[in-house]
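User: I'm new to this one. Can you walk me through it?
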Amino acid sequence: MTETANARKIAFATFVRRALDEARATRAWSGTEVSRRTGVSRQTINRWVRGDWASDPEAERVVAFCEGLGLNPATAFTALGWDRTAAPRDTRAIPPMDPDVEALLRRLVDPNVSDAEKFHIRETIRYLAYRPTLPVDVRKRGKQAG
């Protein structure tokens, strides 16, 4: 393997590792959850982290991984040494984050917040994120009664 190819593998592995660490710290996502949200298998992600690939990752998978984590694929392309002008197919702006959500994220990474409190925050977020949406007519009835 050439020195350049090895440097690209290290750079991309570092990018993926940082993205995973960020997803764990700020969103409490496991490797399985990252895989589910991005559509990239855990095996593929693990190979990327180890730099254990013979040919470059597929661009579609890199884009899916980045978009699933809210990252700009151009950053991954740069780590891979790919042409930066072939950047993402969709450059939607990330909507502003609700201040309450930002406050929760800050608490999750604050070393002064107890592990028990962080666990409680994560469990509450998971509950809210995956609970079924109320049908429209039920929501209307609640507004009329109040």
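Analyst: One term to begin with: contact means heavy atoms within 4.5 Å. This is a predicted model, where local features need pLDDT of at least 70, side-chain atom pairs count only at pLDDT 80 or more, and totals for chains, interfaces and linings use all residues. Residues are numbered from 1 along each chain as its sequence is written, and side-chain values use heavy atoms, with hydrogens and water left out.

User: Leaving aside neighbours within four places in sequence, what is V16 in contact with?
Analyst: I45, W48, V49 and F65.

User: How many helices and strands does the protein have?
Analyst: There are 8 helices and 0 strands. Both are DSSP runs, numbered from the N terminus: helices are H or I with at least four residues, strands E with at least two.

User: Which residues touch the most others in the largest nonpolar core?
Analyst: F12, V16 and F65, out of 22 residues. Such a core is a set of buried Ala, Val, Leu, Ile, Met, Phe, Trp, Tyr and Cys residues joined through side-chain atoms within 4.5 Å. Buried means under 20% relative accessible area, with a 1.4 Å probe and protein chains only.

User: Which element gives the most to this core?
Analyst: α1, with 6 residues.

User: New topic. At what angle do α4 and α5 pack?
Analyst: About 135°, with their axes 8 Å apart. Axes are lines fitted to C-alpha atoms over the stretch in contact, and angles run from 0 to 180 degrees between N-to-C directions.

User: Which residues meet there?
Analyst: V62, V63 and C66 in α4 meet P73, A76, F77 and L80 in α5.

Notes:
Buried means under 20% relative accessible area, exposed over 50%, partly exposed in between (1.4 Å probe, protein chains only).
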